Amino acid sequence: MNLRTPGPTPCPEDVLQAGAKPMINHRGPEFKELIYRITDSLKRAFDTKNDLYVLSTSGTGGMETAVVSTMSPGDKALLVTIGVFGDRFGQIAETYGARVSKIQVPWGKAVEPDQVRQALKADPEIKAVLITHNETSTGVTNDLEAVAKVVKDEFGLLLLVDAVSSLGCIPLPVDKWRCDVVVTASQKGWMVPPGLAFISFSEQAWQAHSKAQMPRFYFDISKAKSYHEIGQTPWTPALPVIYGLDLALDKMLAEGMPNVFRRHAQIGQMTREGVKALGLSLFADEAVASDTVTAVNVPPGVDGKKLVDILREEYQVVLAGGQQSMAGKIFRIGHLGYCTSEDIQGVLDALQEVLPRVGFTPSKAGARGRNQQCPES
Ligand SMILES: Cc1ncc(COP(=O)(O)O)c(C=O)c1O
């Protein structure tokens, strides 16, 4: 099967095998050694000296930890939302009593840093900015570096980042960009199964935490911190995923993070070029299109669900449909983590064959473009 959803993503066979190792005592010395080694490796991948914790939860649990550990009910936050996951970040904050003002960017586009500047100027009550680095629902990457400059240099506010589908795939040097809390999840670019979130927490985030009053228990960062000090996690960790992560991180660091980023950029470009060569159009504004997931417009008159169903049933190519209001209007190709140019070529070849069956004639350029290879892969 060619699993090309933007998470869960395929895992190398030895990473999956590592997950089958016998369980250990998570309150014993082997676990302590394992979790410290993994935390060090993750800090290298995050490019940070900030505190970092491995949480046994999905990405959403990591986002909830970010919010409830830094804010109080009634606090005002600026939400930058460019899609479904941005909206979710705001819903979490509102659920716990934050007052959320929004920059709602049209789907398919990225935020302009000046929009953030103007929104922050207009409301001096805002204490934190919540932003998605890479919006998986639309295939768009925000210019986080530029936004972080505004938030930190000009306003000195707390910056909470959903980097669930970007970290480990596209550059996000956490310390250089001064992102206070950054969250990602195991099933995305990390080549491991679902079940873990990773969260980095800056000094400014700890200061915010010391005043934060939102109710919390499982997702309380101080519990993660106090247990980490003794080489444990507060709750029983997802050991099989942690075993796999240990190996996957070794592979990523041996490849070198700049090479990992380069590989994602090349595969992203190959996907976009391949899709366009078939005569299809990209949903995202190409200047800000993501190197981890490509959203493609379903051509007029084509049944998007039927297209995705045929690809899955007859070609074992598993793509994601559109979410919420985009259902049936776009489909999405994931190319993050363990993904080769052959995997993407398989998707393009299958599309070439299936599109005429759902009423769309791929362009000749698409046929010529078949078997294009991603450079250096
Ligand atoms: C950008 C982004 N944020 C948050 C999430 C939520 O993560 P999870 O499904 O692991 O809770 C996802 C998952 O697809 C995502 O892509």
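Which residues form one aromatic cluster? They are Phe217, Tyr218, Phe219 and Trp235. The model is predicted, so local features need pLDDT of at least 70 and side-chain atom pairs count only at pLDDT 80 or more, while totals for chains, interfaces and linings use all residues. Residues are numbered from 1 along each chain as its sequence is written, and side-chain values use heavy atoms, with hydrogens and water left out.

A search of the whole structure finds seven aromatic pairs. Rings of Phe, Tyr and Trp (its six-membered ring) pair if their centres lie within 6.5 Å; planes under 30 degrees apart count as stacked, over 60 as edge-to-face and the rest as tilted. Tyrosine 53 and tryptophan 206 form an edge-to-face pair, 6.5 Å centre to centre with 85° between the planes. Phenylalanine 201 also pairs edge-to-face with tryptophan 206, at 4.7 Å and 65°.

Why does phenylalanine 201 count as buried? Buried means under 20% relative accessible area, exposed over 50%, partly exposed in between (1.4 Å probe, protein chains only). Phenylalanine 201 counts as buried because its relative accessibility is 1%. Tryptophan 206 counts as buried at 13%.

Lysine side chains also meet these rings. The charged end of lysine 225 sits over the ring of tryptophan 206, 5.1 Å from its centre, and lysine 223 lies over the face of phenylalanine 217, at 4.2 Å from the ring centre. A charge sits over a ring if NZ of Lys or CZ of Arg is within 6 Å of the ring centre and within 35 degrees of the ring normal.
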